[in-house]
Amino acid sequence: MDDSQAFAAIADERRVLADVLDGLDEGQWATQSLCSAWDVRGVAAHLLGPTVTGIPEVIWLVLRARGDFERSNMALTDRVVRRYGDELPQMLRANADHRFTPPGGGPLAPLTDLLVHGQDIRRPLGIGRTFDPDRICAALDFLMSPAARRGFAPLRAGVRWVADDVDWASSPDDRSRPSVHGTAETVLLTLTRRVGAVDGLSGDGVGVVHTALA
């Protein structure tokens, strides 16, 4: 997937998620997401944040947090909730084509963020989805790359990850490691430390994954 394809996928994912958010009632907005830091509204605000916040404000928040990016990210999300909490779907749609990328991450970073956080929202609400194989494989490849360590801290468990529903494996030619099998979605969520996703895995490396997550 080249950069232009990734940006097109990002725009589409934002619009698709906006359609999901359009139909939520207040109880659903307040539902705890799979991301422990936020409810559904908070996750949506996090995804919108980089598209509606200028660089000077981001720098100020980082400085205010004394360089703690997690704290500054939380502060940014809180600001977006206060400003746009009642119009998050409309704002996601209006900013769908925004080409924000984090330093060193490229467009695959926000694409991966959308795919993961989209499921942080959908799964607790019981909303299913079908993934585009190219997009989820690109996200899985990104999580295997050094660039993912900055913002995602993906799980490193010393196993061979295999997606059973798409043509993807973390090390196709290396079968010396214990293997872990699951749907691409399950692998994606486990790699980003969603503990509940582990129940959907199989293979002789599952125990290794449990240990790594402990």
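A salt bridge here is a side-chain nitrogen of Lys or Arg within 4 Å of a carboxyl oxygen of Asp or Glu. Searching the whole structure, a predicted model, turns up nine salt bridges. Side chains of opposite charge can pair when their charged atoms come close. Keep that in mind on the tour.

**Stop 1: Arg-15 and Asp-97**

Select Arg-15 and Asp-97. They form a salt bridge, and their closest N and O atoms are 2.8 Å apart. The pair links distant parts of the chain, 82 residues apart. Arg-15 sits in helix α1 (residues 3-22). Asp-97 sits in the loop between α6 (88-94) and α7 (108-125). Now show the surface. Arg-15 is partly exposed, at 33% relative accessibility. Asp-97 is exposed, with a relative accessible area of 53%.

**Stop 2: Arg-41 and Glu-26**

Next, select Arg-41 and Glu-26. This is another salt bridge, with the closest N and O atoms 3.3 Å apart. Arg-41 belongs to helix α3 (residues 40-52) and Glu-26 to helix α2 (residues 26-29), so the bridge ties together parts 15 residues apart in sequence. Is Arg-41 buried or exposed? Its relative accessibility is 13%, so Arg-41 counts as buried; the cut-off for buried is under 20%. Glu-26, in contrast, is exposed, at 52%.

**Stop 3: Arg-194 and Asp-120**

Move on to Arg-194 and Asp-120. Their closest N and O atoms are 2.6 Å apart, in a salt bridge. Arg-194 lies in the loop between α9 and α10 (206-213), and Asp-120 lies in helix α7, so the pair joins parts 74 residues apart in sequence. Hide the surface to see them: both Arg-194 and Asp-120 are buried.

**Stop 4: a network**

Select Asp-12, Glu-13, Arg-129 and Arg-135 together. Salt bridges link these residues in a network.

**Stop 5: the sheet**

Switch to the cartoon view. Strands of a sheet pair through backbone hydrogen bonds, either parallel or antiparallel. Find the open sheet of three strands, in the order β2-β1-β3. Its pairing is mixed. Which strands are at the edges? They are β2 (168-169) and β3 (179-182), and each pairs on one side only. Now colour β1 (residues 160-163) and β3: they pair in the parallel sense over four bridges. Zoom in on Val-162. Its bridge partner in β3 is His-181.

**Last stop: helix α9**

Select residues 184-191, which make up helix α9. This helix packs on the sheet and touches β1, β2 and β3. Turn the view to compare directions: that of α9 makes about 145° with that of β1.

How values were computed. Residues are numbered from 1 along each chain as its sequence is written. This is a predicted model: local features need pLDDT of at least 70, side-chain atom pairs count only at pLDDT 80 or more; totals for chains, interfaces and linings use all residues. Side-chain values use heavy atoms; hydrogens and water are left out. Two strands pair if DSSP finds at least two bridges between them. Helices (H or I, at least four residues) and strands (E, at least two) are DSSP runs, numbered from the N terminus. Contact means heavy atoms within 4.5 Å. Axes are lines fitted to C-alpha atoms, for helices over the stretch in contact, and angles run from 0 to 180 degrees between N-to-C directions. Buried means under 20% relative accessible area, exposed over 50%, partly exposed in between (1.4 Å probe, protein chains only).
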